[in-house]
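Good morning, colleagues. Please turn to the sequence and structure as they come up on the screen.

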Amino acid sequence: MDKLLSVNNLSVMIPTRFGDFLAVDSINLDVKEGQIHGLVGESGAGKSTIGAAIIGLLETPAFVSSGTIKLLGQSLTELDNQTLEGLRGRRISMIFQDPQTSLNPLLSISDQLVETIRQHRSMSRDEARKAAIELLEETGINNAAQRIDDYPHQFSGGMRQRVVIALALCTEPALIIADEPTTALDVSVQKQILKLIRDLAKQRGVGVILITHDIGVIAEITDEVTVLRYGRVVEHGKTPKVLGSPDETYTQQLMAAVPRLDKRLDRFVNIASDDHRIDGNTAWQVKGANDQHASQWLLNNPTSQSVPAADQTELSTSDSSTSVLQVQNLSVTYDAKRSWFGKKTGFQALNDISFDIKPGEVLGVVGESGSGKSTLAKAIAGLVPVSQGAMWFNGTNLPDAAQRARTHPARRQIQMVFQDPYSSLNNRRTVEAILTESLRFYGLADKGAPSRKLVASMLELVEMPQRAMLKYPHQFSGGQRQRIAIARALMARPDFLICDEPTSALDVSIQAQILNLLKELQKNLGLTIVFISHNLAVVRQMADTVMVLRNGEHVESGLNEDFFTNPAADYSQQLLRESPSLELLLTD
Amino acid sequence: MLAFISRRLLQSVFVMLAVSLIAFTLFRFVGDPVAQMVGQETSVADQERIRDSLGLNDPITTQFVSFVSDLITGNFGFSYRTRQPISEMILSRMPATIELGIVSLLISLLIGVPAGIYTALHRGGAIANTILVTTLIGISIPTFVIGIFLIFIFGVQLGWLPTFGRGDVVTIGWWQTNFLTIDGWRSLLLPALTLGVYQLTLTMRLVRSEMQDVMKTDFIKFARARGINRHSIHYNHALRNTMVPVITIIGLQFGGVIAFSIVTESVFQWPGMGLLFLDSIRYVDIPVMSVYLVLIALMFVVINLIVDLLYAVIDPRVRTGATH
């Protein structure tokens with residue numbers, strides 16, 4: 001096979017106010033025809049910067065400071081802007097992460113395809129349109145001849161990504177850079193899109209650089225992989241070799257941190273400390289504050305009926321113990337706005353859901369987007385009104401959002417950890433103010449010294465330095481913010497925690513840390529948790545029981561082990577089959 | 001789409017009814033209409049007769065209904081001040097204001113939109129910065145100062161352009177237009193410029209910030225990655241997306257110019273509706289004021305409807321009734 005792209009000693013510099021920052025440091029990379037080359041790494045590894053440098057779309061002020069990029073023997077770094085612009089699209093093209101935003105919403109698919117084709121090939125409008133229809137068919141759009149005149153919003157996410165791929169291919173490029181092409185998609189759609197990319201690469205002999213943070217995706221379709229960290233190559237080689245028996249410690253740790261579908265781990269290996277952004281000053285302490293104080297305070301919760309998991313008998317045999325939360329025939333309908341002419345149509349987000357949670361149990365809720373996972377969380381937390389059904393919390397009726405007063409005890413007892421730690425914390429308030437709020441609101445501790453001591457202790461409990469309480473959320477990394485969010489939930493002295501995709505915005509290594517923390521807290525405090533995730537492997541690690549939702553309907557429930565080894569419903573089997581797994585590698 | 005338009009039309013009817021109610025209240029309860037109509041020597045019995053014949057003794061609801069139906073049929077009543085039918089007064093003044101508004105809108109669009117695009121694409125460039133600073137001065141000076149300033153330079157010092165009135169007009173039916181004579185255009189230039197400067201700055205800054213946002217979106221990056229040429233990226237892909245929010249503001253601005261070009265009209269003694277409104281206030285000519293109020297509201301409603309329809313033309317998501 002011919003060498004399509006060769007990158008030699010590429011460095012990218014980003015000048016900042018605090019001096020130059022080397023985002024990419026002497027990278028070497030080769031891609032051959034028809035080959036899929038994976039670039040994997042955590043955030044800040046420089047993967048996307050490499051992609052942007054190759055296609056010549058680095059955002060100012062970043063620039064290539066040294067090295068060469070050769071495409072089919074032609075050096076791209078020496079070209080002037082105009083020639084490079086001519087190559088862009090014709091020789092190299094790109095697929096972006098989010099199909100919702102990478103298509104122009106105001107132009108029809110046909111407009112965008114025909115324009116791109118005519119930009120690079122001399123064709124009449126009709127010829128270009130014919131070529132576009134053929135291409136759409138090739139990328140798997142049914143009824144392409146009719147659908148070509150539709151606008152992007154009329155396609156579903158997966159279909160849009162097919163259109164994006166058609167757009168990237170319509171100029172017949174030799175190289176395609178795919179930057180997280182499936183991250184925004186559901187697993188089943190992800191599977192299809194990956195297969196499409198693989199087939200196209202093979203049939204058309206296109207070289208593909210696949211940039212992703214998801215080891216599962218890498219394992220599934222790449223031929224070769226380069227592992228990156230802090231802008232440097234850690235390891236490079238054939239995918240089965242690198243992922244299956246990695247030489248470097250970092251790769252080994254990374255692989256260990258990936259949650260597996262096939263086995264449940266007690267704890268993940270900690271790769272890197274997430275703390276490099278915090279100054280090392282752990283000497284600053286509030287008098288008498290330590291994690292013991294916090295956990296004692298949480299355990300001595302007068303309202304709590306939970307018992308530490310250690311004292312519990314096996315879940316399957318503890319049917320006699322009363323449920324913490326009982327949900328019966330729950331339905332949630334989002335009403336479209338009532339209008340004078342339009343019919344009142346409702347969207348049924350949840351339909352007839354029933355389940356029980358025992359004290360100290362972790363219920364994993366899985367499903368694809370639109371399955372109603374988050375709606376369920378909001379219904380329990382009292383954030384959306386319920387259209388039908390009932391909930392009981394600790395034996396008493398739990399009113400829905402419309403009826404649950406701000407002072408209702410369940411508002412304190414049920415706490416929530418949200419998905420995105422960047423938007424769930426108020427950047428204008430110090431961590432201390434954020435954490436003290438629930439103490440004050442629920443009257444859980446006296447103002448001043450006792451509150452302060454609790455805040456500091458709680459931070460220690462979530463493995464943050466006590467000094468963090470003086471800072472603002474934006475000074476912390478994503479993982480640290482999620483720790484603060486967990487601490488905030490715990491400050492209310494809850495019995496019941498709802499975690500809605502708590503790690504899906506985080507890197508693998510950070511995810512491992514947060515999952516470890518949650519496991520630890522659950523074990524020591526005996527918390528009851530509803531753990532929501534689209535990632536089956538993560539649920540596998542966390543949950544005692546699993547519930548699968550689809551389009552608002554209950555599909556299946558079962559104990560963790562039973563579900564993952566032998567799922568009953570067809571849909572569950574399909575979900576498990578389609579989740580990217582590392583099995584391929586392990587058998588090698 | 002049809003449902004959307006009819007819904008908007010129905011909402012408009014309610015808006016108009018509410019405004020009519022305010023206008024009616026103004027007309028009926030601010031001072032006694034009969035007392036303002038008649039002289040000192042009219043006897044109480046005569047006053048009572050007038051009151052009766054005008055229907056002022058009917059129940060309030062009946063009066064409101066007849067007020068509204070009069071408005072709908074175009075029977076606007078008479079001015080206290082000039083004794084002319086209000087419809088005639090307004091019709092004779094309207095063309096002047098609308099022509100002034102259109103020309104100033106054109107000035108603001110023809111200069112503001114390209115300047116906005118230029119300053120967005122050449123961010124931090126010398127020319128772009130000069131444009132930004134200059135227009136900042138334009139927006140910080142009150143309209144009447146700009147007007148007087150322009151009069152001073154072009155009217156007094158240079159003597160190129162007339163400083164007041166409409167100049168020569170051509171009458172087509174009831175519509176008197178400035179557009180068909182050179183003198184008409186010369187008279188129009190200074191007031192239109194005065195009105196246009198402020199809008200121009202707003203339009204430009206809005207286009208600039210919207211365009212900068214659009215240029216950062218993924219679909220623009222993707223278009224660049226596909227090798228689409230710059231011209232098409234800027235004017236086909238980016239500008240269209242820029243115009244969606246810009247149109248709303250331009251529509252409202254146009255309404256504002258027509259309704260409230262009072263200052264400019266009085267500086268240039270432009271015989272438009274603004275000047276009429278000013279005179280009505282000065283002489284407490286309440287019927288004219290209340291009709292004016294209703295007409296201005298109607299105009300805003302119509303402009304908003306047009307803006308909504310333009311949305312549908314530009315944005316397929318509105319056209320096909322997307323739910324997202």
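The model is predicted, with local features needing pLDDT of at least 70 and side-chain atom pairs counting only at pLDDT 80 or more, while totals for chains, interfaces and linings use all residues. Residues are numbered from 1 along each chain as its sequence is written, chains are lettered from A and ligands numbered from 1 in the order in which they are written, and side-chain values use heavy atoms, without hydrogens and water.

In chain A, six strands make up an open sheet of mixed pairing, ordered S6-S7-S8-S3-S9-S10. Strands here are DSSP runs of E, at least two residues, and helices are runs of H or I, at least four residues, numbered from the N terminus; pairing requires at least two DSSP bridges. Strands S6 (92–95) and S10 (232–238) of chain A are the edges, each with a single partner strand, so one side of each has no neighbour in the sheet. Within the sheet, S3 (residues 36–40) and S8 (residues 207–212) of chain A are parallel, joined by five bridges, and Gly38(A) is opposite Leu210(A) in S8(A).

Now the threonines. Thr116(A) is in helix H3 (residues 109–120) of chain A. Thr116(A) is buried because its relative accessibility is 0%, where buried means under 20% relative accessible area, exposed over 50% and partly exposed in between, with a 1.4 Å probe and protein chains only. Thr430(A), in the loop between strand S16 (414–417) and helix H14 (431–442) of chain A, is also buried, at 19%.
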